[in-house]
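Colleague: Could you walk me through this model? I would like to start with the strands and helices.

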Amino acid sequence: MVAPQPFFRPRGTPFSVLHRIRALMKLGHDVDLVTYPFGESPELSGLRIVRSARPPGVRDVRIGPSVAKIALDVPLFSKARGLARTGSYDLLHTHEEAGIFGAWLSRAVGLPHLYDMHSSLPQQFENFGRFNLAPIVAGFRAAERYTLSGADGVIVICPDLLDHVNGMAYAGPLELIENTLDFDPPNDLPALARDLRHRLSLNDQRVVLYTGTLERYQGLDLLIAAASKVLQQVPDARFVLVGGTAEQIAALRKLAAEHAVEHALVFVGSVPATDVFAYLQLADVLVSTRARGTNTPLKIYQYLRAGKPIVATRIHSHTQALDESSAHLVEPTPDDIAEGLRRVLTTPPYAERLSFGARSLSETRYSEAEYMERLGRVLDRTLAAHAARTA
């Protein structure tokens, strides 16, 4: 497996990679993961982490497209090529831009190639607002076509990507596997949530919780602007934001001060993955104010499993996974977000109905059994497609 990520760190794609590995192990496979020279090293029986060299001057890598990623990908691909040529593997499994390299390497060494598509590479430039220039985007569109042409099987993580790949006339095995797996919650979750409430000085206040990165596309400026409106009607509301870097938190604190709501915001920063369960437990409402994008945020599946009422913006990222029975959907404006939060916080029967809808959707559509069945199926079909192609 080749993952051009700082592995492991508690953010979207690394979570997806980790749970994909855990699922592969449940199916009886061992995994050698080639990844960046940054991140934690989880100890899992059957997983060997092989880290590529760190280029001079590169000390870390941020989320999204960057020059550092290009510099890191060169030694990453070199390391993957060396391992693949040993003849010790029965499958090459690539993530994100590693699929470009995988399309070439799989042909060079005769390995079946399964491409794990977490996003459309050209679309990342628009989402992150970096290098969003026509020649660069056109180049990555061509690279995406090349990747798909060199894949014996493809996994996509949301319906929008499924439509995208079908629209590119990909004819091989294609499987939709949403990022629905999670860790097992701790046994003493209620006690942990009570301790957390005390530690954060929340007392009996009602908690609006956000978890995830604090990137601009998450729309947290909208949430902070909405907070002042919510507090006018629900003065005991507190907004707890879990995730982000010190620099991002400082910028949002400044914005909160401009809106005179800094007293009602609690910035937690990044926490271990298993700690998130306690934060979800103490929430009265879970919120996702993402302003743009088409991929479903991983947090949405966590929110659904938590069985708490959800307020989310009515954009394609959310509506391909949520509907009016499982979440209160709002326009991505401060006024609409504030009204949605106010309604959920002040109308207990409505909040309970949304909680029931969230739990039901998680149990019926996003179960672990469904995930495992789809993963096993795409592995079998990928191997069969490669055998047919090379016969």
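Modeller: What follows is a short tour of selected strands, a sheet and a helix. This is a predicted model, in which local features need pLDDT of at least 70, side-chain atom pairs count only at pLDDT 80 or more, and totals for chains, interfaces and linings use all residues. Residues are numbered from 1 along each chain as its sequence is written, and side-chain values use heavy atoms, with hydrogens and water left out.

Colleague: Is strand 5 buried or exposed?

Modeller: Five of the five residues of strand 5 (residues 113–117) are buried, so the strand is largely enclosed by the rest of the structure. Buried means under 20% relative accessible area, with exposed over 50% and partly exposed in between (1.4 Å probe, protein chains only). Strands (E, at least two residues) and helices (H or I, at least four) are DSSP runs, numbered from the N terminus.

Colleague: Which way do the residues of strand 5 point?

Modeller: His 113, Tyr 115 and Met 117 point one way, whereas Leu 114 and Asp 116 point the other way.

Colleague: And which strands pair with strand 5?

Modeller: Strand 4 (residues 92–95) pairs with strand 5 in the parallel sense over four bridges, and strand 6 (residues 153–156) also pairs with strand 5 in the parallel sense over four bridges. Two strands pair if DSSP finds at least two bridges between them. His 93 stands opposite Leu 114, while Asp 116 has Ile 155 in strand 6 as its bridge partner.

Colleague: How many bridges join strand 8 to strand 11?

Modeller: Two bridges join strand 8 (residues 206–211) to strand 11 (residues 285–288). Val 208 stands opposite Val 285 in strand 11.

Colleague: Now helix 15, please. Which of its residues are buried?

Modeller: The buried residues of helix 15 (residues 368–390) are Tyr 371, Met 372, Leu 375, Gly 376, Val 378, Leu 379, Thr 382 and His 386.

Colleague: What do they pack against?

Modeller: The buried residues of helix 15 pack against helix 1 (12–26), strand 5, strand 6 and strand 7 (174–176). Contact means heavy atoms within 4.5 Å.

Methods. Expected span 1.5 Å × (residues − 1).
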